[in-house]
Amino acid sequence: MSNLSRRAVASGLPLSIVGGGLLSLVTPARSVAAVPAAASVTPLAQIRIGRFTVTALTDGYADMPYTFFPGRTAAEVEQAATAQFVARASGVRFVFNQYLIEDGERRVLLDAGPAGSIGQTGALPQALAALGLRRDQIDAVIVTHMHQDHMGGLIFGGQNNFPNAELYIDRRDVTHWTDPAKRNGAPDYLQTSFRMSTDVVRLYPRLQAIDGPREISRGISIVDLTGHTPGHIGVRVEDAGKSLIMVSDMIFPVVHPVATDVNFLFEQDRAAAKAMRDRFFPLAAAEGALIAATHMPFPGLGRIVSDRGQPRWQVADWAWQT
């Protein structure tokens with residue numbers, strides 16, 4: 001462990017990052033298949049982290065209005081998007097990335113996508129099929145938080161779509177999103193998440209409400225990233241001195257990582273979300289940590305780097321690396 005990682009642990013930071021070198025091996029997508037209107041092909045990207053194969057999948061995309069980013073005016077967000085050559089009349093494009101972790105023994109899926117409840121989505125089943133997999137072949141699903149765009153695929157059609165999977169969700173999120181009083185006081189745009197959360201708890205008897213950082217299985221562990229929601233978590237995949245941190249909604253396109261004081265409309269505790277980014281971004285940059293982010297352009301793999309003292313997202317050079 002590096003000196004920085006030791007200091008992070010000693011100071012109580014919620015993240016200890018180990019590794020961050022080039023990937024041991026990257027293979028191209030195995031195949032493509034037809035998907036809904038979200039895309040004309042099923043994009044897949046595979047990397048190796050020690051004994052693990054991690055495949056980036058996507059359920060589709062949606063465009064978020066420029067008004068959805070508290071901390072900046074809509075004009076400022078659009079100006080930033082224009083400067084990055086990604087401005088659209090409909091707003092900032094959010095991709096919904098999921099990540100499948102395989103080690104020859106277990107298949108663990110990180111998040112399940114919105115499944116058509118937002119934007120042009122619903123492509124995750126086709127993405128799994130492109131790998132020759134059905135949803136009943138997934139051994140575990142880790143839900144990073146209980147927003148609809150991360151769990152809709154669990155219950156699409158009003159049924160348990162991953163019947164053989166253990167389900168892991170932070171207890172704080174389970175408590176928050178199944179509380180009738182909190183639901184009654186919540187704005188309209190969060191009501192779908194409350195409803196879906198109740199359905200997830202009802203339909204998944206094998207749900208494990210987890211408390212804090214822990215190892216789910218050898219080399220796959222939970223990282224506490226609370227702020228975006230009360231129980232917002234990340235997932236660290238680590239083996240053979242290499243690691244990947246899936247940070248879920250810690251990073252949003254266009255606005256991050258340049259500014260930590262820009263939030264997103266759906267965030268429950270904006271001050272806590274900012275504080276977590278203030279701690280996470282410099283640590284990740286110093287470590288050169290390989291990051292997977294749900295809403296960054298597919299496959300959502302990159303690093304936070306310091307560019308003349310300014311944090312910047314650096315897309316990972318993932319294809320055919322050895």
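Two strands count as paired if DSSP finds at least two bridges between them. Keep that rule in mind as we look at this protein, which is a predicted model.

**The whole protein**

Let's start with the overall picture. The protein has 322 residues, and 53% of them are buried. Its secondary structure consists of eight helices and 16 strands. If you take the contacts between residues at least 6 apart in sequence, 69% of them link residues at least 24 apart.

Now for a sheet you can trace in the structure. Seven strands form an open sheet with mixed pairing, in the order β10-β11-β12-β13-β14-β15-β16. At its edges lie β10 and β16, each of which pairs on one side only. From one strand to the next, the twist averages 35°.

How many bridges join β10 and β11? These strands pair over two bridges, in the antiparallel sense, so they meet the cut-off of at least two. As for individual residues, Glu215 has Ser221 in β11 as its bridge partner.

**A helix on the sheet**

Which helix packs on this sheet? It is α8, spanning residues 270-287, and it touches β11, β13, β14 and β15. The direction of α8 makes about 90° with that of β15.

Here is where to find some of these elements:

| Element | Residues |
|---|---|
| Strand β10 | residues 215-217 |
| Strand β11 | residues 220-224 |
| Strand β13 | residues 242-248 |
| Strand β14 | residues 291-293 |
| Strand β15 | residues 301-307 |
| Strand β16 | residues 310-315 |

How values were computed: Residues are numbered from 1 along each chain as its sequence is written. This is a predicted model: local features need pLDDT of at least 70, side-chain atom pairs count only at pLDDT 80 or more; totals for chains, interfaces and linings use all residues. Side-chain values use heavy atoms; hydrogens and water are left out. Helices (H or I, at least four residues) and strands (E, at least two) are DSSP runs, numbered from the N terminus. Buried means under 20% relative accessible area, exposed over 50%, partly exposed in between (1.4 Å probe, protein chains only). Contact means heavy atoms within 4.5 Å. Axes are lines fitted to C-alpha atoms, for helices over the stretch in contact, and angles run from 0 to 180 degrees between N-to-C directions.
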